[in-house]
Every structure is written in structure tokens, then in C-alpha cells.
Amino acid sequence: MDAGDRVQLPGLDHGVQAVGPSRRADEGRRMSVAASEVQTPPDPTGKKSGFQLPGWAEKGLIPGVVLAIAALLPFIPSIGDKANLMQQMAVALAYVVMALGLNIIVGFAGLLDLGYVAFFAFGAFAVGWFASGHFAYVNDEKGIHFLVSGNTLNLPGIHFNFLIVLVIAIVLTTIAGMIIGLPTLRLRGDYIAIVTLAFGEIIGRLAVNLDETTILGGTPVTAGRQGISPVDRIDLPFFEPFTVLDKKPWYWFALFLVVIVLFVNFRLRDSRMGRAWVALREDEIAAVAMGVPAVKTKLMAYASGAAFGGISGAFLASLLNTVNADQFQFSFSILVLAMVILGGLGSIWGVVIGAIVLSIINNYLIPDVINGVPGDLGLEFDMTQITFAIYGFLLLLMMILRPQGLLPERRHKMELTEHAETTDETLYTARA
């Protein structure tokens, strides 16, 4: 017997002789547990030793630090002085809001939604209709103005303050979410995907073709592919109106939206409704048998997720200064769904990471870094032409290497990880 094979622990009166490698590992794990128990005896009073933060502080410390760093980034000259970079960062945060909305529908409630771009469209058209000169003939071409300032007061069309437009966008998209939810109440799985796909395609086709339908003195409803441009910039009370050249206020406003949506997401997940969503996702028949109202629960999932899509759509329309029918393609729904899957279905922080990663890949890595690689190799195409092939390859790798996502929800992780012990008790207590 080798001297190194014998382990002597404090508090134990004998050593352990390891026979083989596997037994040695098993004995080592048992002895480690025993050693930890010996070295850290439990306090009979039940109090934890050392300084302990309150539970809310432990949970919020790291996210608070990350959000503080994100808020301070524009003060770094090499970042804040680059308008294009700030705009890309604001777009990434808008994608985060949109992905968190889809995560409620797909991740929490388990309703596969392939038409999420429709909610983006409703939010964007809320800005196009109520914060631009699109309806130039209303009020005898004098326009309608409400809580706006500066040069906007002299422009024709309908011009509401952005916060009011945001509320209108939420109302429109919530109604749209209820409408899309009604036909799917008796459906499950792939059939829900087909219905939502149809809804997204219908809204996209309407955005293109309603440029020939006129209202309010002969104004087309959507302006089609020509688009509604320009739209009003964000004008918040007590702040200077946002400008085109300085993108820092846009970034901070997008970060504020992310914080609000994160707070609402956590509250919804931990609420009675959130538990009902999870129950429906796991087993709808059992959930209904236990008294979960399926109709109300599904409609609330669609309405909540749609509202976040509308918020993001309104912000993006104002940031990009246009509402164009080409923005509402089916591929955009797949992009947002890929963000949710990449981050981890049902995982709030995972979806945030997935949205940021895919936004960087979509808006920076592919067009600016690797776009010319095929040309350098003598091939006659560039990487922007195969963007969704790249996404598909990334998702394929994810399904093979890490199907639970980059930062998975604990319940999904236990279900998908090999050799995991998925007892009823552990699944019941699992939380993201």
C-alpha cells in the first residue's frame, strides 16, 4: 500500500485505503463531505457564521453591478463618442426587451410563437401613425399635437408625446396578443406554431399591401415598402429632446426599458400567474385538472409577451427614424426565437445574454468583421447573404453541445442534463 493512498482527516480515527481509481474517487468524495461536516459543524442556534447579506441583496448584487457598469459605458470616451457603436448597443437592448417578451410566451408558458414580428409591427406603426407627419391632412393640415415641444408643434400630422405613444403601442399589441391567442386555445405544440406563423405573415402582408388603402383624407394606411419617415424623436418631460447625432440618451432610455421589463419579468415569473404558466407548459391536462384556467392563462401569456414586443417596436421605430414594411419579415421572428433558445428557454438572464450575443453577431460580427472572408477565399458571395445559415449552424451546435442554452433555467437544465436526478421534489423547488 502506498502512503499516498491513505487519507487521514481531522476528527476521524482511521484512514482510507483506496483500491482502484474509481473507488479512490468515490472514497475521496465521501471523505470530502465528511471533512466539510467535521470542519464546519452546524450552529445549534441556526444562525449562519460570518457576514451575510440579506437575500434580496445577494440576488441583486451582481445584476446591480452589471447594470451600473452598463449605465456608465457611455462616459468612456472611446465608446460614448462613437455614435454608430452607441446605436448598435441601443438596438441590442431593444432586442433584449423583445426577447424577454417572447420568453414569456415560449419559455414560461410553452406556447411556440413563430409570428412574434407582428407585435414589433404594431409597436412600430403606433409611432408611425401617432408620432409623425404621415396623416398630413388631419385638422385641415394643421396637425394634432399633444404634449410635444419645439419644432414638432409646427408640423402637420399627428404628434403625440412618445410616452403616450408607448402606452398606445402597449394597448395595440396587447389586443393583438389576445387576438392571436384566441384561435390557439384548443391547440398544442406545432399547431400553435402554425397559427402564430400565419398571424405574423398576415400582418407582414398587410403592412406591404395597405399602402393602396387610404384613410383620413386620402392617406395610405401603412405606406408599404416606401415607409413612414421621418418619425418624431423621443421627447421626455424634463429632458432635452433626443437628437440624431447624440445616441447616448437613446442608449440610456433603452437600458431603462430593459430594467423595467426585467423587473416585470421576475415579478410575473414568481407570481401565481407565472406558476400557472409553468404548470401549463409541463402538462396542460394535469394543470387544468388541478384548476388552472387554461384560457385566461394562455391569453395572459400572449398579452404580456406582446406588450413587450410593442414597447421594443415603438422604440426601434423612433431610433431608426422609419417604419418600413420590409422590417416585418418572418426571418425577424426566427431571429428573436433564436435569442430565446440560445440563452435558455424560460431563463430570464439567459435570454438577456442570448439577445446580446445574437445582436452582436447580426449587427457587428457578420457585416463588419467576417463579411469579406468568402471573397478572400475566391468565393462569389459574402457572409451577409448567408446570415440565417450561420444562425442555423449556431443553433445546431447548441442542440448538440448545450441543448439547455447558455444560461439555462434550473428546471430545464435538470431535465436535459444527462445523469441528472429529476425527482419530483427537486423539480418542484427548481427556479431559474
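Is R225 buried, partly exposed or exposed? At 44% relative accessibility, R225 counts as partly exposed, where buried means under 20% relative accessible area, exposed over 50% and partly exposed in between (1.4 Å probe, protein chains only). The structure is a predicted model, in which local features need pLDDT of at least 70 and side-chain atom pairs count only at pLDDT 80 or more, while totals for chains, interfaces and linings use all residues. Residues are numbered from 1 along each chain as its sequence is written, and side-chain values use heavy atoms, with hydrogens and water left out.

R225 takes part in a salt bridge with D326, at 2.7 Å from N to O; the term stands for a side-chain nitrogen of Lys or Arg within 4 Å of a carboxyl oxygen of Asp or Glu. D326 sits in the loop between α11 (294-320) and α12, and R225 in the loop between β7 (219-220) and α8 (248-269), so the pair ties together parts that are 101 residues apart in sequence. Helices (H or I, at least four residues) and strands (E, at least two) are DSSP runs, numbered from the N terminus. D326 is also partly exposed, at 37% relative accessibility. By the salt-bridge rule, the count comes to five. Among them is the pair of K248 and D246, with the closest N and O atoms 3.3 Å apart. Another joins R269 to D270 at 3.1 Å, N to O; here R269 is buried, with a relative accessible area of 17%, whereas D270 is partly exposed at 35%.

Turning to helix packing, the axes of α4 (residues 83-108) and α12 (residues 330-343) come within 9 Å and cross at roughly 75°. Axes are lines fitted to C-alpha atoms, for helices over the stretch in contact, and angles run from 0 to 180 degrees between N-to-C directions. The contact (heavy atoms within 4.5 Å) involves Y95, M98, A99, L102, N103 and V106 of α4 and F332, V336, L337, M339 and V340 of α12.

The model also holds an open sheet of three strands, ordered β3-β5-β4, with mixed pairing; two strands pair if DSSP finds at least two bridges between them. β3 (131-132) and β4 (144-146) stand at the edges with a single partner strand each, so one side of each is left without a neighbour in the sheet. Between β4 and β5 (residues 158-160), the pairing is parallel over three bridges, and F146 has F160 of β5 as its bridge partner. Helix α6 (residues 162-181) packs on this sheet and touches β3, β4 and β5, its direction making about 100° with that of β5.
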